Amino acid sequence: MEASGTASMGVMILWIVVLFGVMYFLMIRPQKKEQKRVQAMLNSMEVGDSIVTTSGFYGVIIDMTEEDVIVEFGNNKNCRIPMRKQAIAEVEKAEQASA
C-alpha cells in the first residue's frame, strides 16, 4: 500500500516539474529575449536616428546622455523634449531613414 502512495507522490512531483519547465519556455524565456532585444536597440541609438516613442510620437534624436535623450518632434525646430531612453519603442538608423 505504501509503495503505490510513494509512486503517486513521485508522479505528482514529476508533473509539477514538467509544468514549471513548460511555463519557463512559454512565458519567462520569451520575455527575457525581448528585454535583451530592447536593451540592444537602446544601446545602439545614435544622434540623428529617427525614433517612435511608446506614446506614438515620431522624432529625431538631437542629443544623448547616459539615461536621457533630447528628441526633436515635427518640422518645428523649437519642439525639443528631453525624455528617458526607456520611452523609446522603435529606432530607425539615420542611414536607413535617408535611403
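## Starting with M83

In which strand does M83 lie? M83 is part of strand β4, which covers residues 80-84. Helices (H or I, at least four residues) and strands (E, at least two) are DSSP runs, numbered from the N terminus. This is a predicted model, in which local features need pLDDT of at least 70 and side-chain atom pairs count only at pLDDT 80 or more, while totals for chains, interfaces and linings use all residues. Residues are numbered from 1 along each chain as its sequence is written, and side-chain values use heavy atoms, with hydrogens and water left out.

M83 counts as buried because its relative accessibility is 16%; buried means under 20% relative accessible area, exposed over 50%, and partly exposed in between (1.4 Å probe, protein chains only). Leaving out residues up to four places away in sequence, M83 touches T53, E67, D68, V69, V71 and F73, where contact means heavy atoms within 4.5 Å. As for M41, 42 residues away from M83 along the chain, the C-alpha atoms of the two are separated by 16 Å.

## A look at D49

D49 sits in the loop between α1 (2-43) and β1 (50-53). With a relative accessibility of 1%, D49 counts as buried. A polar atom of the D49 side chain lies 2.9 Å from the backbone nitrogen of E46.

Which residues are in contact with D49, leaving aside its neighbours within four places in sequence? They are S44, G59, V60, I61, V91, E92, K93 and A94.

## The whole protein

Now for the overall picture. The protein has 2 helices and 5 strands, arranged along the sequence as α-β-β-β-β-β-α. Its C-alpha trace spans about 80 × 25 × 25 Å along the principal axes. The radius of gyration is 24 Å, whereas a compact globule of 99 residues would have one near 13 Å; this radius is taken over C-alpha atoms, and the globule rule is 2.2 Å times the number of residues to the power 0.38.

Of the 99 residues, 17% count as buried. Among contacts between residues at least 6 apart in sequence, 36% join residues at least 24 apart.

## Surface

The protein exposes about 7,800 Å², and carbon and sulfur atoms supply 61% of that area. Accessible areas come from the Shrake-Rupley method with a 1.4 Å probe; for residues, only the protein chains shown count as cover.

Terms used: A polar contact is a pair of N or O atoms within 3.5 Å; within protein, one must be able to donate a hydrogen and the other to accept it, and residues adjacent in sequence count only if both atoms are side-chain atoms.
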